[in-house]
Amino acid sequence: MNRVLATRLSRLAQYGFLSLLFGFIATPMLVIVVFSFDANRFPTIPWGGFSLQWHRAILDDPMIRNAFLNSMLVGLGTAVLSTVLGFAAAYIDFRYRFRLKLPFVLLVAVPPAVPATILGMAMLAFLSRIGLFGRLETVMACHVAIATSFAMAIIRLRLNDLSRDLEPAAWNLGASPAAALIHVVLPFCKPALVASFFLSAAVSFDEFLIAWFVGGVHETLPVRILNLLQGQVNPKINAIGTVVLVISVALVLIAQRFTGVRAGRRPTPEGE
Amino acid sequence: MKTPFIALDQLDKRYPDHHAVKSIDLDIDAGEFIAIMGPSGCGKSTTLRLIAGLDEPTGGEIRIGGDSMRGVPAFQRNTPMVWQSLALFPFLTVAENVAFPLRMQKVGAAERRKRALEWLDRLGLASMAERNIAQLSGGQRQRVAIARALVTEPSVLLLDEPLSALDAHLRVRMQTELSRLHRELGITFVYVTHAQSEAFALADRIVIMSEGHIQQVGRPQDVYRAPANAFVAEFMGMNNLVRGEVRGSRDGLLDITGAVGDFRVPATAARPQGSRGDFVIAADRIALAADGEGLPGTVLGLEFVGSTQTVFVEIEGGAEFRVQKQQHEIEALNLVPGRKVKLSWNPEHAWLLPLPGQMH
């Protein structure tokens with residue numbers, strides 16, 4: 001009986017600890033969401049009643065609208081380019097053997113490991129020298145450099161499960177190497193491609209430091225938020241925060257849906 | 001002379017660390033069912049991959065229907081293969097898998113679906129067309145792989161150990177199925193296997209390979225009864241190899257002295273006194289008796305092989321013989337381990353191994 005009790009207590013302690021942890025992480029975000037619908041100008045208790053005015057206010061702010069549009073553009077571009085490049089890098093790593101493969105893979109994998117401040121500064125110094133500083137495309141290029149390594153990791157993992165016989169089998173059945181890539185490898189990787197598309201978009205959408213360093217006058221949404229905070233305390237912050245939060249969480253959830261990592265589910269094994 | 005449908009001419013394949021196929025020559029006739037056998041690593045699968053164009057030979061040439069395959073990529077050969085791993089496309093349905101080769105040939109959607117369904121029907125899978133591969137049993141997947149390989153109506157089908165993943169019962173059923181398909185289609189089957197039972201049940205001719213060389217090519221019964229060398233004799237499993245030396249000859253039989261006794265063996269070619277006289281005697285040709293004339297030995301143990309049993313007998317002098325007997329014979333002789341027996345056989349049934357380099 002004692003053992004049962006101990007198990008129960010241990011389980012209770014585990015759940016308690018987890019709840020505290022998640023509470024610690026989630027509460028600040030929840031506060032932002034709650035107060036974004038508050039009629040009061042300053043987040044105070046008691047709540048001043050439900051209101052959409054701050055959400056409306058961010059819609060009316062041309063700078064925020066512009067920053068939002070910039071973020072969407074950069075995010076979409078990053079998602080497309082990172083997925084394409086990530087697939088190419090993963091496929092090269094999967095299919096071919098060559099001498100400089102290790103440096104090649106490291107080159108793709110390393111950017112996220114570099115502290116963002118250093119990466120941002122380096123990018124700034126490099127880009128201003130070659131005259132590409134302060135353009136939206138530049139922000140996108142920097143985001144692609146970071147997001148591609150995530151994309152490659154996801155797609156490479158999927159390719160691990162691609163039977164080595166599948167591509168030769170396609171050739172054997174009359175598919176040219178290009179046709180085999182399109183009709184066998186790509187469909188097989190589809191879940192990973194979708195996942196890396198959304199994850200890359202999320203990486204770009206959330207990224208602040210590099211966008212701040214190299215964007216110049218072109219602000220993305222996170223940059224706009226910081227600039228807004230540096231001015232005065234503005235209730236619009238909560239509304240923007242809520243929008244950013246919803247979009248980021250949605251992107252990551254979609255990505256997760258396709259990588260197959262979901263709670264309580266294992267990938268079904270091949271076979272009966 | 002009739003030109004062979006598939007000709008391997010001095011075919012050679014060297015990998016950086018391994019010489020897989022060593023200058024082999026082989027002619028395969030149109031419509032033939034040929035089995036390539038050998039232990040793992042003997043080069044049989046590499047040979048098949050070379051025919052399919054999945055590997056580039058490092059020497060020699062392959063001709064199919066008289067045309068050299070040099071420089072012809074795999075996807076232009078129409079030499080479909082049934083893979084050991086089956087290599088079905090997991091993201092396609094059964095019908096889409098079977099239709100894949102047609103899709104690659106740019107056959108229209110309606111037409112390719114119709115033809116895929118015809119083949120599924122032919123292999124008894126009509127009701128499975130819309131299923132996912134993961135929902136099929138091992139035997140059903142096997143059939144999908146065969147249907148997919150045959151849907152373009154090729155003139156040759158390559159099979160790489162296709163039945164090795166199936167259980168014994170299914171394997172026999174699939175053998176029957178393959179045999180039927182071969183008879184109905186009349187196309188060439190090249191079948192790689194390490195299982196003697198499959199090769200014997202299916203093939204018109206058997207190719208025995210070892211260490212990249214072809215050891216023997218012949219009809220199953222010839223390879224079994226008249227192995228070309230000690231490797232083939234031992235690979236066939238149910239042969240007893242006796243090493244000896246030629247002492248002389250009389251009445252068309254050679255006198256041979258071995259480590260365990262003196263024997264008489266039919267001479268297939270003149271052989272001088274003092275030369276090597278290794279011969280084989282098949283396990284099912286040996287008679288066992290409690291006493292009388294014959295080679296004395298002791299029963300070591302028994303092993304069931306279907307309705308027959310293999311009796312392992314140790315001969316005085318150390319050699320081990322295998323003798324195949326029906327259950328009732330074993331009971332009649334009360335063959336238990338430790339029992340003394342006499343082995344004898346009709347000298348005509350012994351097979352003298354040719355000397356190296358000697359042709360039959």
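Figure 1. S210(B) stands opposite H213(B) in β10(B), in a model that is predicted. The two strands, β9(B) and β10(B), are paired in the antiparallel sense over five bridges. Two residues lie between the strands of this hairpin, in which E211(B) takes a positive phi near 50°. E211(B) is placed in the loop between β9 and β10 of chain B. Is E211(B) buried or partly exposed? Because E211(B) has 15 C-beta neighbours inside 10 Å, E211(B) counts as partly exposed. The phi of E211(B) is a positive value in a residue other than glycine. Most residues other than glycine have a negative phi.

**Figure 2. The six-stranded sheet of chain B.** An open sheet of six strands in chain B has the order β6-β7-β8-β3-β9-β10, and its pairing is mixed. Its edge strands are β6 (81-82) and β10 (213-218) of chain B, each of which pairs on one side only. Within this order, β3 (residues 33-37) and β9 (residues 205-210) of chain B run parallel and are joined by four bridges. M37(B) stands opposite I208(B) in β9(B). In contrast to that parallel pair, β9(B) and β10(B) pair in the antiparallel sense.

**Figure 3. The four-stranded sheet of chain B.** Four strands of chain B form an open sheet in the order β2-β1-β4-β5, with antiparallel pairing. The edges are taken by β2 (18-28) and β5 (67-68) of chain B, and each of these strands pairs on one side only. Five bridges link β1 (residues 6-15) and β4 (residues 59-64) of chain B in the antiparallel sense. Which residue of β4(B) is the bridge partner of I6(B)? The partner in β4(B) is I64(B). In a regular strand the side chains alternate between the two faces of the sheet.

**Figure 4. L86(B) in the loop between β6 and α2 of chain B.** L86(B) lies in the loop that runs between β6 and α2 of chain B. The phi of L86(B) is near 70°, a positive value in a residue other than glycine. L86(B) has 20 C-beta neighbours inside 10 Å and therefore counts as buried. Of the 360 residues in chain B, 39% are buried.

**Figure 5. The contact of chain B with chain A.** Contacts link 18 residues of chain B to 17 residues of chain A. On the side of chain B that touches chain A, the largest share, three residues, comes from helix α2 (residues 94-104) of chain B. By class, this side of chain B has 14 nonpolar, three polar and one charged residues.

**Figure 6. The packing of α3(A) against α10(A).** Helix α3 (residues 62-95) and helix α10 (residues 221-231) of chain A pack at an angle of about 150°, and their axes are 8 Å apart. The two helices are therefore roughly antiparallel. On α3(A), the contact is made by M63(A), I64(A), A67(A), F68(A) and S71(A). On α10(A), the residues making the contact are L221(A), V223(A) and R224(A). By class, the contact has six nonpolar, one polar and one charged residues.

**Figure 7. W47(A) between α1 and α2 of chain A.** W47(A) is found in the loop between α1 (2-36) and α2 (53-60) of chain A. With 14 C-beta neighbours inside 10 Å, W47(A) counts as partly exposed. W47(A) and V34(A) are 13 residues apart in sequence, and C-alpha to C-alpha they are 9.1 Å apart in space.

**Figure 8. Context for the close-up views: the two chains.** The secondary structure of chain A comes to eleven helices and zero strands. The radius of gyration of chain A is 23 Å, well over the 19 Å that the globule rule gives for 272 residues, so chain A is more spread out than a compact globule. Along the principal axes, the C-alpha atoms of chain A fill a box of roughly 75 × 70 × 30 Å. In chain A, 33% of the 272 residues count as buried. Among contacts in chain A between residues at least 6 apart in sequence, 77% join residues at least 24 apart. Chain B has nine helices and 21 strands. The C-alpha atoms of chain B fill a box of roughly 75 × 45 × 40 Å along the principal axes. For contacts in chain B with a separation of 6 or more, residues 24 or more positions apart account for 64%.

Definitions and conventions
Residues numbered from 1 in each chain as written. Chains lettered and ligands numbered in written order. Predicted model: local features only at pLDDT ≥ 70, side-chain atom pairs only at ≥ 80, totals over all residues. Rg over C-alpha atoms; globule rule 2.2 N^0.38 Å. Buried ≥ 20, exposed ≤ 12 C-beta atoms within 10 Å, placed from the backbone. Contact = placed C-beta atoms within 7 Å. Axes fitted to C-alpha atoms, helices over the stretch in contact; angles between N-to-C directions. Parallel < 35°, antiparallel > 145°, perpendicular 65-115°, else oblique. Nonpolar A, V, L, I, M, F, W, Y, C, P; charged D, E, K, R; others polar. Pairing = 2+ DSSP bridges.
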